[in-house]
Amino acid sequence: MTSVYDMTLDAKVITVDCVEPRRLAAWWAEALGTEITQDFGGEFVIVRAETLVF
């Protein structure tokens, strides 16, 4: 029988709808020790992500 401890999740993209995308992206970039890689006029922002292990 498979338990929750045997399961894995491989997330490629996480999308968050918010009022201030640049500000939230800057927070995530700092929290993850990475950087904003693309900024589409502040409406759509991409933060580079590394593999995270929880």
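Which side chains meet in a salt bridge at 2.7 Å, N to O? The side chains of Arg22 and Asp39 do. The points below start with the whole chain and come back to this pair.

1. **What you are looking at.** This is a predicted model, in which local features need pLDDT of at least 70 and side-chain atom pairs count only at pLDDT 80 or more, while totals for chains, interfaces and linings use all residues. Residues are numbered from 1 along each chain as its sequence is written, and side-chain values use heavy atoms, with hydrogens and water left out.

2. **Overall layout.** The protein chain has 1 helix and 2 strands. Along the sequence they follow the pattern α-β-β. Helices (H or I, at least four residues) and strands (E, at least two) are DSSP runs, numbered from the N terminus. Helix H1 covers residues 21-32. Strand S1 covers 36-39, and strand S2 covers residues 45-47.

3. **Burial and surface.** The chain has 54 residues, and 11% of them count as buried. Buried means under 20% relative accessible area, exposed means over 50%, and partly exposed is in between (1.4 Å probe, protein chains only). Accessible areas come from the Shrake-Rupley method with a 1.4 Å probe; for residues, only the protein chains shown count as cover.

4. **Contacts along the chain.** Take the contacts between residues at least 6 apart in sequence: 3% of them join residues at least 24 apart. Contact means heavy atoms within 4.5 Å.

5. S1 and S2 pair in the antiparallel sense over 3 bridges. Two strands pair if DSSP finds at least two bridges between them. Gln38 has Ile46 in S2 as its bridge partner. The hairpin has 5 residues between the strands. Gly41 in this hairpin takes a positive phi near 65 degrees.

6. **A buried threonine.** Is Thr34 buried or exposed? Thr34 counts as buried, because its relative accessibility is 17%. Thr34 is found in the loop between H1 and S1. Leaving aside neighbours within four places in sequence, Thr34 is in contact with Ala29, Val47 and Arg48.

7. **Salt bridges.** A salt bridge is a side-chain nitrogen of Lys or Arg within 4 Å of a carboxyl oxygen of Asp or Glu. The count by this rule is 3. Back to the opening pair: Arg22 and Asp39 meet at 2.7 Å, N to O. This pair links distant parts of the chain, with Arg22 in helix H1 and Asp39 in strand S1, 17 residues apart. Arg22 is partly exposed at 44%. Asp39 is partly exposed at 37%.

8. **The other two bridges.** Arg48 and Glu35 meet at 3.2 Å, N to O. Arg48 lies in the segment after S2 and Glu35 in the loop between H1 and S1, so this pair ties together parts that are 13 residues apart in sequence. Arg48 is partly exposed at 35%, and Glu35 is partly exposed at 41%. Arg23 and Glu20 also form a salt bridge, at 3.6 Å, N to O. Arg23 counts as exposed at 60%, whereas Glu20 counts as partly exposed at 43%.

9. **Aromatic pairs.** The whole structure holds 2 aromatic pairs. Trp27 and Trp28 form an edge-to-face pair, 4.8 Å centre to centre with 85 degrees between the planes. Phe40 and Phe44 have ring centres 5.5 Å apart and planes at 50 degrees, so this pair is tilted. Rings of Phe, Tyr and Trp (its six-membered ring) pair if their centres lie within 6.5 Å; planes under 30 degrees apart count as stacked, over 60 as edge-to-face and the rest as tilted. Phe40 lies in the loop between S1 and S2. Phe40 is partly exposed at 46%, and Phe44 is partly exposed at 48%. The C-alpha atoms of Phe40 and Arg22 are separated by 9.7 Å.

10. **A nonpolar patch.** Trp27, Trp28 and Leu32 make a nonpolar surface patch of about 330 Å². Patches are made of residues with over 30% relative accessible area and no salt bridge; like charges are joined within 9 Å, nonpolar side chains (Val, Leu, Ile, Met, Phe, Trp, Tyr) within 5 Å. Trp27 is found in helix H1. Trp28 is partly exposed, with a relative accessible area of 40%.
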